[in-house]
Amino acid sequence: MGSREAFEMRDSSHELVGGDSKEQKGCHVTVAMGFCLLLLGLVICVGVGVVIFFAKTTPECPSTTAGLSNNGIWWNDPDCLTACIQQGVCEKDATKPETTAKPPAAATTTPMMPTTATPMMTTTTASAGNQPKVRDVRLPTWLIPVSYEVEMKPDIYQNDPKDFTNTGNVSILMDCKEETTRITLHIKSLTVKTYSLKEEGGADIAIDHPVYDNDREFVNFTTSTPLEVNKQYRLTLSYSGPLKNDLAGLYYSTYKNGSQDRYLAVTQLAATDARKALPCFDEPALKANFTISIIRQTSMVSLSNMPLQNTQNLSGEWAIDHFKETVKMSTYLLAMIVCDFGYKENTTENNITFRVWARKEAINQVDYALDQGIRILTYFEEFFNESFPLPKTDMIAIPDFAAGAMENWGLITYRETALLYDEKVSAASNKQRVAVVVSHELAHQWFGNLVSPTWWDDLWLNEGFATYVEYIGVDFTEPTWQMLDQFVITDVQSTLKADSLATSHPIYVEVQHPDEINEIFDSISYGKGGSLIRMMRYFLGDVTFTRALSNYIDNKQYRDAHHDHLWQAMQDEADRQQIKDDRGNALNVKEILDTWLLQMGYPLLEVQSNPPTADGKVTLTVTQSHFLQDDSQEPDPRYPSPYDYRWDVPVSYATSDHPDFDVTETSVHWFYKDDNSLKIEINASADWVVINPKQYGFYRVNYPEEYWQRLIDTQERNHTEINELNRAQIIDDAFNLALAGKLRITYAMALTKYLEKEESYFPWDSAIGSLSYVSAALERTPAYGDFKTYYKKLILPYYNKFNDSWIFDSNSSIISQYRQSSAISRACAYDVADCRDKAHELLQDWMDSGNNSIHPNARSVVYCHGVKAGGAAEWEFIFKEFQEANVAAEQIKLLQSLGCTNELWLLQRLLDYAVDDSKIRKQDSYIAVGAVAGNTIGGFLAWDWLRANWATLDEEFGSGIMMLGRFVSSATNNFFTQFDFEQVEAFVKMTGDLGTATRAFEQAKERTQNNIKYLERNQEALTDWLKANV
């Protein structure tokens, strides 16, 4: 074996001593010891390197609090940004963000990676698992987009849709408002391929590789030199991503042409999915001009917001369409479509080209929408006193579409059910839906498009206005439909029910994360927002209202607006018109309307009667309080009331000796939030008093029991003394007061006894809704048999009013047709033998003959009760017809009827089909689930299925507007037991983050608790009352 080697180690300051003699100079070590020391040295070197590395990647950054803001976390050093997000400090105090801290200008010019190379990518993710979602998701404002040049190539031509892609290029011209070294855009489900930056008209500027912040849906670039104030810069990116059938961003839809699958590419960018189609500044206030180009195969056509400018042929079967530059607009209003559809066209009297597109097999169904669209667009130009600013508008029916429709400027997209109408197949209600949705989307061309909300917390400025104005548009084109009266039933009363939950929210509500934004596309933003606009029109008067709207649009066009801008426009015009309250004071519009906008809920007006005076007068004392279905529930603490749940309430009334229900702004008595009460003087001889004529005010009224009895007596004696809308209001108020324990249920039930004589649709519609709730409550109790008997007693005269209930006069008023349809529907639902037998007979005739001669207005009833009376053969027949139907409205009737079967295994099959795209379109999944849940024997199946399939539903529908919550609402709607409540609560706790369904589950729990208390409070009284009245 060989000898051991010796070596010497010295330090500049001292010597290491080895061996036995401490006197010996130098260091003499053995080979073994030297080897160990060598290893130690290597470890030290590596350690030093690691320290240096992490000192760089986890730098000592400025205070995290200083960097936190509404607009996110912003550091000059990209490593600080990355480390900040990884460490989770970016979420610190996220509910109350501080003022934006602008990043300091870079001091050096470090060479950046060449942009032609495949870029490095850094991805940061702050939240995982059940961690709270980040809320600091707003973009910084030091760079503002001026214009975009976009070239898109949606690839829908591969054999397998899984291989479809979205590729494109975007060039963004930006104004620099504050010096910065960071560029931040929105991006989602896309990858930046190449990137470059230059000063407009100047030199290139090097930028670092993209840093993705997935939680905030950002992509960040750091520039080598500071971007200077008042200069313009152009950022050019290429990008790619998958093209899926997920109903959001740029996605693909499909339909069959015979046995062949056909595909189209379509956009749905609201509210926050423009970033899924292209990298962009995806906030409504960041408006810009867009120049769109779309690459397609020559067998297809492409559409966008503006008219086609020219088409350039490329190699082979490819072409590129170049569209004219848009007006200044928000990203969420962009639209790009590639399809092989056909269209019909006409021109408005103001020379706007108007086209309606559909599948070529359905092109004969667009005529009604085309006629309505042209007439309503022209009318709105007059109503808003503002010309439509584009040279054309297209409307197109999309086979797969999550929402009802989308108001993209110049290219409005619709579900087929909301645009297509076939008079031979579609019911009167389908015709009205087409007219109303077309009107809604055209109203948006002014409210939402021309003037957009600054941020989504003012979503109601879009949707509330369009919800009300849609009725005005259709009232112009279809004046016999009583559209302005219908608003009371369909929007005011339904929203009063929703807004009486403690888990409701104010119309104006702070939202940040996209999930929060998607959650408020609900009845509060739409129905309550519209009801507020209607109430405002009532107390300001038509002249003030319409002139103020015109001024508001004129002043804010092509810009963004806050609701205070609208209030100021109303105030200015009210001052010009010298609008006063009943005390002679000028109205303070903002103070009044903020009480309705900034707090959830609405008031209950409680009426107390004082003894009559010697001169034959009675003073009514009116007080107000927050109306909740359950007073023991605390309103959601996230939305504290700035007014202690008091409102400025416009009050008017009618009495038997002054039965004037056509009230105006001069009829209003103001009950301000600071008033203890309101005094109303009426004649002591009055048989009845009704507060809130035509339900212009968004509130409920409770009277002394003596006054309720007077209303009951009047209804039975001569119900026409009271306006039909107020007959509906009285029923709706009474049943909801009973739900809240503020009125005995026997008074509410007594109000229904006169219905045998009622011929108006509106009171019946309110009663049907109210009695449906009682039915659901009693369904599992011994009293249900008596309830059905009582209901049949009410419905038979209504059903028998028609000589032959199954023959409809399509030329009669639409309200008359609704009356007939509802009578048939209720008669069959409550076992009127003639109705059930006729429904089954008509379905069998269709099955036997192959000829569907059932009137469109009766088809929903016939299909449902035919399936219910039958078995597998009827179910299979209806499902086959559903798959083959060419009219979307007919498809929905067929789909809903599949849930009427009494066969559990068929209900389970329908649930399984709901998540099978080959059987039921994704957009219609919630309809199938709702059909099962609405079946008495299917409710528990739907709830079990929802829980078992939650992960799939969340993945497929969680990012969409309104979709996920619909599953929850339908599956839990009829929960009335403590066991039901405990199941919902357990599922919520187990699941954790419920995403866009969070509020739906909160409200499901609250509704279930309210239902339990309702039964506990009313079951005995209902049982006794029904026994006495059957």
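Which residue forms a salt bridge with D564, and how far apart are the closest N and O atoms? In this predicted model, the partner is K590, and the closest N and O atoms of the two residues are 2.8 Å apart. The pair links distant parts of the chain, with K590 in helix α11 (residues 589–597) and D564 in helix α10 (residues 563–576), 26 residues apart.

D594 has a relative accessible area of 4%, under the 20% cut-off, and so counts as buried. Salt bridges that share partners also join K188, E217, D273, R275 and D282 into one network.

Across the protein, the count of salt bridges comes to 53. Another of them pairs R234 with E200, with 3.1 Å between the closest N and O atoms. R234 belongs to strand β9 (residues 232–242), while E200 lies in the loop between β5 (191–199) and β6 (204–205), so this bridge ties together parts that are 34 residues apart in sequence. R234 is buried, at 16% relative accessible area, whereas E200 counts as partly exposed, at 34% relative accessibility. As a general point, side chains of opposite charge can pair when their charged atoms come close.

The protein has 28 helices and 31 strands, and 58% of its 1030 residues count as buried. Among contacts with a separation of 6 or more, 74% are between residues 24 or more positions apart. The accessible surface comes to about 40100 Å², and carbon and sulfur atoms account for 49% of that area.

A search of the whole structure finds 5 cavities of 30 Å³ or more. The second largest cavity has a volume of about 50 Å³, and its lining is made up of V137, H186, R216, T272, R275, E283, W455, Q512, P514 and I517. By residue class, this lining divides into 4 nonpolar, 3 polar and 3 charged residues.

Note on methods
Residues are numbered from 1 along each chain as its sequence is written. This is a predicted model: local features need pLDDT of at least 70, side-chain atom pairs count only at pLDDT 80 or more; totals for chains, interfaces and linings use all residues. Side-chain values use heavy atoms; hydrogens and water are left out. On a 1 Å grid over the protein atoms alone, a cavity is a set of points where a 1.4 Å probe fits but cannot get out, and a pocket is an open set with protein on both sides within 12 Å along at least five of seven lines; lining residues have an atom within 4 Å of a point. Grid points are joined across faces, edges and corners, and a volume is the space filled by probe spheres set on the points. Ala, Val, Leu, Ile, Met, Phe, Trp, Tyr, Cys and Pro count as nonpolar, Asp, Glu, Lys and Arg as charged, and the others, Gly among them, as polar. Helices (H or I, at least four residues) and strands (E, at least two) are DSSP runs, numbered from the N terminus. Buried means under 20% relative accessible area, exposed over 50%, partly exposed in between (1.4 Å probe, protein chains only). Contact means heavy atoms within 4.5 Å. Accessible areas come from the Shrake-Rupley method with a 1.4 Å probe; for residues, only the protein chains shown count as cover. A salt bridge is a side-chain nitrogen of Lys or Arg within 4 Å of a carboxyl oxygen of Asp or Glu.
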